[in-house]
Amino acid sequence: MKNKICKVFALSLALLMLLSLLSLTVAAEGETPVESQTTVETDAETADLTETATVTDTETEDAAEAVTNTGTEEPTEAVTDGEAEDGININFQPEQFVINLKYMAAGMVGIFLVIGVIILTIVLLGKLTAPKNKDEE
Amino acid sequence: MNFLSEFLALLEGLIPKGFDPRQLAMWLIGGILIFLAIKKEMEPTLLLPIGFGAILVNLPVIGDLPALQELYEAGIATELFPLILFIGIGAMIDFGPLLSNPKLMIFGAAAQFGIFFTLCMASMFFDLKDAASIAIIGAADGPTAIVVADKLKSQYMSAIMVAAYSYMALVPLIQPPVIKLLTTKKERLIRMPYQQKDVTKTTRILFPIVITVIAGIAAPSSVELVGFLMFGNLIRECGVLDSLSETAQKVLANLVTIFLGISIATTMRYDQFLKWQTLLILGLGLVAFIVDTAGGVLFAKLLNVFLPKDKKINPMIGAAGISAFPMSGRIVHKMGLKEDPQNFLLMHSIGVNVSGQIASVIAGGLILSFFG
């Protein structure tokens, strides 16, 4: 039973990684920049169009809608304080999971690369310093 | 009727100005954190100041508490406290087990999977910068979480902090069921003989310097975090600064921890904390810890497919790749002993755990380079 659960879990993880790699490839083919450019559109009544990375003003009472533009992708709507205080108003966008899989792929590849370099360096350090140690002994 | 309205007006006069019933809820939350810290000994050094601070900042006083606000601005907004704390942590860590078996570091990388998985999960509910700040809860590393959330200017700082530190304290409860679910008894019984390898003093001294240089080149955003951690370790390993090393490990770390806890609590005002998003963040934090653990264990199982029979790895050590040091390493060791009293996994699991500390900081740096 446990083995089955394990296999299912491992398979789904592998599938997820595959999907993320695919989305990374697709992103690389398109013109999608890695860094996101975020703009903020506030309520029309406030007549205050702000261009900041995120909604930072926690005192904003009007419902503000943060639109995240990641290149050619669909915009992301963010939940802000104003909305939150009105009650359960969480903006659920399941498609963002697949869209952002590229960060998962890039992150995991990046971390394995850096750790790989560190491992090689430690092995090298060990080898370079070993003879000196023997002499000292 | 007239009497009743007069009575109610009288009662209303007794209620202090600036009082909100939600403040009562925050006192309760503060009380629970204090209870967990004292009675259950869950990260008492942080949960106790945070709990007390949560009560303090939610008292019906008019206006802000300037001293606390100053402390927050000076220590958290500038990221000074978490970075200084990293010097203490670096001075506490012995990288010996890792240096004698560097291959174990690969599990530290695998166990960061939860961070990036949670990033995708959180992006379904939050904008990318907040999602990234929430995902870093999976680093199981409070200071890294503070630095990343602060640099990304997350509006959910307090919830992220509380989740990060609470789950670190709950590692003994979260990890064992996940490990057991993903491994068979036969796998848990795998013995891994430990061969003691001497690590030269030169290696120990060069290690923090080299790691800082690599991190600076490969993930520049992580250089502050890695730099402070490794500086602390260099003080420890150089052998000529024993008193500084001791100060960093004890006095400095304790002092910063006191201020860090109470400063974090300044963000726990009822109007900022009591949101549905807070519950969601707590849930996502739990997902991050579970997937981190699963990532490490499953990666070890994957490696076992390719390894010869006599060189199989006990997949439980993969779970120690999260940064909760030394708790995670000890849990794996205890689980190994429970299955087989002669199976000593401590050195392996601590080696993996230490590598998780480095990997989580690098993961934080990568997150910052993506969204910073």
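**View 1. Contact of α15(B) with α20(B).** Leu225(B), Val226(B) and Leu229(B) of α15(B) meet Val361(B), Gly364(B) and Gly365(B) of α20(B), contact meaning C-beta atoms, placed from the backbone, within 7 Å. By class, 4 of these residues are nonpolar, 2 are polar and none is charged (nonpolar: Ala, Val, Leu, Ile, Met, Phe, Trp, Tyr, Cys and Pro; charged: Asp, Glu, Lys and Arg; polar: the others, Gly among them). The model is predicted: local features need pLDDT of at least 70, side-chain atom pairs count only at pLDDT 80 or more, and totals for chains, interfaces and linings use all residues. Residues are numbered from 1 along each chain as its sequence is written, and chains are lettered from A and ligands numbered from 1 in the order in which they are written.

**View 2. Packing of α15(B) and α20(B).** Helix α15 (residues 223–237) of chain B packs against helix α20 (residues 346–371) of chain B at an angle of about 160°, their axes being 8 Å apart. The angle therefore makes α15(B) roughly antiparallel to α20(B) (over 145 degrees; roughly parallel is under 35 degrees). Axes are lines fitted to C-alpha atoms over the stretch in contact, with angles from 0 to 180 degrees between N-to-C directions.

**View 3. Packing of α10(B) and α20(B).** Helix α10 (residues 142–151) of chain B and α20(B) pack at about 5°, with axes 10 Å apart. Hence α10(B) is roughly parallel to α20(B). Thr144(B), Val147(B), Val148(B) and Lys151(B) in α10(B) meet residues of α20(B) including Ile367(B) and Leu368(B).

**View 4. Surroundings of Ile160(B).** Not counting residues up to four places away in sequence, Ile160(B) touches Ser133(B), Ile134(B), Ile137(B), Ala145(B), Ala149(B), Ser154(B) and Ile281(B).

Technical notes: Helices (H or I, at least four residues) and strands (E, at least two) are DSSP runs, numbered from the N terminus. Angles under 35 degrees count as roughly parallel, over 145 as roughly antiparallel, 65 to 115 as roughly perpendicular and the rest as oblique. Two residues are in contact if their C-beta atoms, placed from the backbone, lie within 7 Å.
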